[in-house]
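These are my notebook entries on a single structure.

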Amino acid sequence: MLTLAWRRFTSRLGSVEPAHLSTAAGWTSGRSLLLRWSSRCSFSGLLPAGGRSLLQPQVSRCLSMASGEGNKHTNRLAKEKSPYLLQHAHNPVEWYPWGPEAFEKAKKEDKPIFLSVGYSTCHWCHVMERESFQDEDVGKILNEHFVCIKLDREERPDVDKVYMTFVQATSGGGGWPMSVWLTPDLKPFIGGTYFPPRDQGRRPGFLTVLTRILDQWQNNRPSLESSGEKILTALKKGTSITAREVDSPPNAPDVADRCFHQLLHSYEEEYGGFREAPKFPSPVNLMFLMSYWWVNRSTSEGLEALQMATHTLRMMALGGIHDHVAQGFHRYSTDSSWHVPHFEKMLYDQAQLAVAYIAAFQVSGERFFADVAKDILQYVSRDLSDQSGGFYSAEDADSVPACGGDRKREGAFCVWTASEVRGLLPDVVEGTSGTTTQADIFMHHYGVKEQGNVTPEQDPHGELQGQNVLIVRYSLELTAAHFGIAVEMLDDLLTSARARLAEVRRGRPRPHLDTKMLASWNGLMLSAFARVGAVLGDEALLERAEQAARFLKEHLWDDEQQVMLRCCYRGDHMEVQHTSPPIKGFLDDYAFVIAGLLDLYEATLQTEWLVWAEELQLRQDAMFLDEQGGGYFCSHPQDESVLLQLKEGQDGAEPSANSVSASNLLRLSSLTGQDQTQTSQNLLAAFSKQLTQVPVSLPEMVRALMAHHQTLTQIVVCGQQDAADTAALLAAVHSTFLPFKVLMFVEDPQSFLCQRLPALMSMSQQGGAATAYVCQDFTCSLPVTEPHELRQLLLDRTGAMQTDL
């Protein structure tokens, strides 16, 4: 019946043709299967799993902001704070923000709603805005016949997830910009992603789609609404995730093995990563592989998992996806060798990659990985940091070329011509034969070519013609040998050259900066600064982490209502601003901040962060926990404008908040004595089917399942916090890769931890020296006072368990 209803509807649209009917096993990821339809208007297949368009850029422009000066049109979005909404504030389209005013207008005038969803650094959102939403004819049709709502997916991920679920289910694809048409009661009846402004062959243009949808609304509305209702009903059933009373979490070793083999099946051996192209960093996969190695390090599979993770991290760091001049990582690579990226930079990528690289350093001891982790945080500190302590969301891929003009091009801020490099690095290098210049060496090492190093296949629209994306082509040793100079000299030369290019780049027109500060992404970055700072013993990084935590508590925690807020913004005078009313936080805001606070506690041993983490977990449970079905809903169940109560079931560009919560609950149980392991187990049981069938879709949750099976190692350090011997024991802990552990510090028997965990009061310093105890399964090792003994004990996990905990 659902299939028939959809086919009847799309056949009436004429040009929206269902190409085939198939089961969405990949989309549902092991849940109850939904039927999905592929239609020409949806551009299915255009977008990868990470949600970014795979098409190369066409054209772009300077984004209009909401000053109002010299603009023919100004709509309601001019009063908003979101950078994405402000980019549309001067369209001829009479945009409304998501909210009651728009809903009431649609009901009063009995008009369908056109919902357009995107984010401020989305390239194809810019393209559709320029092509369609600036078009007077498009604006006239939209204003006369529709109520138009523009939504920033990063402000309202709950709304975005509902309608993206619909678009994916009915079109077989998804991504941004997302275009969805709704009834006045917010029920979707057709949707897609990017639409060109005019017809292109058999592909309908936006004006054609609008005309035909309007015709159906006026002449065939009952059938259209019936189709949408049935699809929504099927989605509610198909997206339900719940644990039956008899359910228990699946067998952890079996699930972990299956996840490893599924990743192995998609692994690309030459350059690393998990598909040919495009390639995404996928830190959740890399963290799982290193955790899998830790559990299975005596097996060939464990060693292979480690090799997959470290090789991928190494090749990414050498590739063009890594910004060798100004640090940080771009969003993804358009090719298999990590060479030509989509130049957008996202905060959540920087955060997760910093953690992955510092973990690789812990595992391997290679300074290379630690340097990359610090490199990422240097970029974030310089370019994505607000004076309040918060972190901005993203930098755009597009910018105006330094040569002039007002037409933005992707990557213009980052790429180089050979003549530019030669002009900037003209000095002859002493000790080389002939007249070898610094430019010659730099160009050799980073693959710079006179005609540019981007092939036409990587640049179908010619925006990178003659340009070079820097990519490390040789090791330092090979380049030094090629030019007959010492490695140390080469390293200094390249460092100097990169600094010179960075200086010049700072004078170029910068890409748009999204200065929205999200609680969830700030939580991820809090974890990054805390973890990297702890491993490297870097006090400046730890101070930056504490500054971020104070920012979260001051600006994104409503102490009166006891709720997290979703986001805040940088004002015109660098002050922190909020919308009125502020957007309340969602599940990921709580889960990611809690994880960050737990990491910060273990890095600084300041109890205030642990106390706040526990308070936030209680609020998360009260607001989002499904006590009957297990797991957490992503949005507020009381919000009637959100039609589907979803439990996020995919670890993708960001980890699922349910996955992070499963680990948070375990850590808090060990650290506070408030046992929440059953809540965590119920969560894992709710996702049991998906974990069993397609664990590769939830690698972070698989790690939480492994933690349940392994049980967390509790490391208790007794000593004086500022003493050198205490610092030495803590350094031994932080230097060791321990994916399933908690760290506790006991200085005073009256401390918070001792009050919560009375057994800790029996642990004390031995002979006046700082002392460590390693505990697991309620038994503890003999006390150790030497850092090398503690490290060996942690590595072997074979300490004699003699003292009951």
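Which residue stands opposite Lys150 in strand 5? I found that Pro97 takes that place. I note at the outset that the model is a predicted one.

Five strands make up an open sheet in the order 3-5-4-6-7, and the pairing is mixed. Its edges are strand 3 and strand 7, each of which pairs on one side only.

I then took the neighbours of strand 5 in turn. Strand 3 (residues 96–97) is joined to strand 5 by two bridges, and the two run parallel. In this pairing Tyr96 stands opposite Ile149, and Pro97 stands opposite Lys150. Strand 4 (residues 113–118) also runs parallel to strand 5, with six bridges joining them. Here I recorded that Gly118 stands opposite Asp152.

How many of the six residues of strand 5 are buried? The count is six of six for residues 147–152, so strand 5 is largely enclosed by the rest of the structure. I checked both directions from the strand. Val147, Ile149 and Leu151 point one way, Cys148, Lys150 and Asp152 point the other way, and all are buried.

**Entry: strand 21**

Strand 21 (residues 741–746) has six of its six residues buried, and I recorded the strand as mostly covered. One side carries Lys741, Leu743 and Phe745, the other Val742, Met744 and Val746, and all of these are buried. Strand 20 (residues 713–718) runs parallel to strand 21 and is joined to it by six bridges. Within this pairing, Val716 has Met744 as its bridge partner.

I then turned to an open sheet of three strands, in the order 15-18-19, where the pairing is antiparallel. Strand 15 (516–518) and strand 19 (576–577) are its edge strands, each pairing on one side only. I counted three bridges between strand 15 and strand 18 (residues 567–570), which run antiparallel. Leu518 stands opposite Cys567 of strand 18.

**Entry: salt bridges**

The count of salt bridges comes to 40. I looked up several of them individually.

Lys187 and Glu229 meet through their side chains in a salt bridge, at 2.7 Å from N to O. The pair links distant parts of the chain: Lys187 lies in the loop between strand 6 (178–182) and strand 7 (188–192), Glu229 lies in helix 9 (residues 221–238), and they are 42 residues apart. Lys187 is partly exposed at a relative accessible area of 23%. Glu229 likewise counts as partly exposed, at 32% relative accessibility.

Arg130 forms a salt bridge with Glu131, with the closest N and O atoms 3.7 Å apart. Glu131 counts as buried, because its value is 16% and the limit for buried is under 20%.

The side chains of Arg382 and Asp383 also meet in a salt bridge, at 3.0 Å from N to O. Arg382 is partly exposed, with a relative accessible area of 38%, whereas Asp383 is buried, with 15%. I noted one network as well: Arg531, Asp599, Glu602, Arg667 and Lys741 are joined by salt bridges that share partners. Lys741 of this network is among the buried residues of strand 21.

**Entry: the negative patch**

Finally, I looked for charge on the surface. Which residues gather in a patch of negative charge there? I listed Asp254, Asp257, Glu269, Glu301 and Glu304. Helix 10 (252–266) and helix 12 (300–318) each supply at least two residues of this patch. Glu304 has its place in helix 12. With a relative accessible area of 34%, Glu304 is partly exposed.

Technical notes:
Residues are numbered from 1 along each chain as its sequence is written. This is a predicted model: local features need pLDDT of at least 70, side-chain atom pairs count only at pLDDT 80 or more; totals for chains, interfaces and linings use all residues. Side-chain values use heavy atoms; hydrogens and water are left out. Patches are made of residues with over 30% relative accessible area and no salt bridge: like charges are joined within 9 Å, nonpolar side chains (Val, Leu, Ile, Met, Phe, Trp, Tyr) within 5 Å. Accessible areas come from the Shrake-Rupley method with a 1.4 Å probe; for residues, only the protein chains shown count as cover. A salt bridge is a side-chain nitrogen of Lys or Arg within 4 Å of a carboxyl oxygen of Asp or Glu. Lys and Arg count as positive and Asp and Glu as negative; His and the chain ends are not counted. The place of a charge is taken as NZ of Lys, CZ of Arg, CG of Asp or CD of Glu. Helices (H or I, at least four residues) and strands (E, at least two) are DSSP runs, numbered from the N terminus. Buried means under 20% relative accessible area, exposed over 50%, partly exposed in between (1.4 Å probe, protein chains only). Two strands pair if DSSP finds at least two bridges between them.
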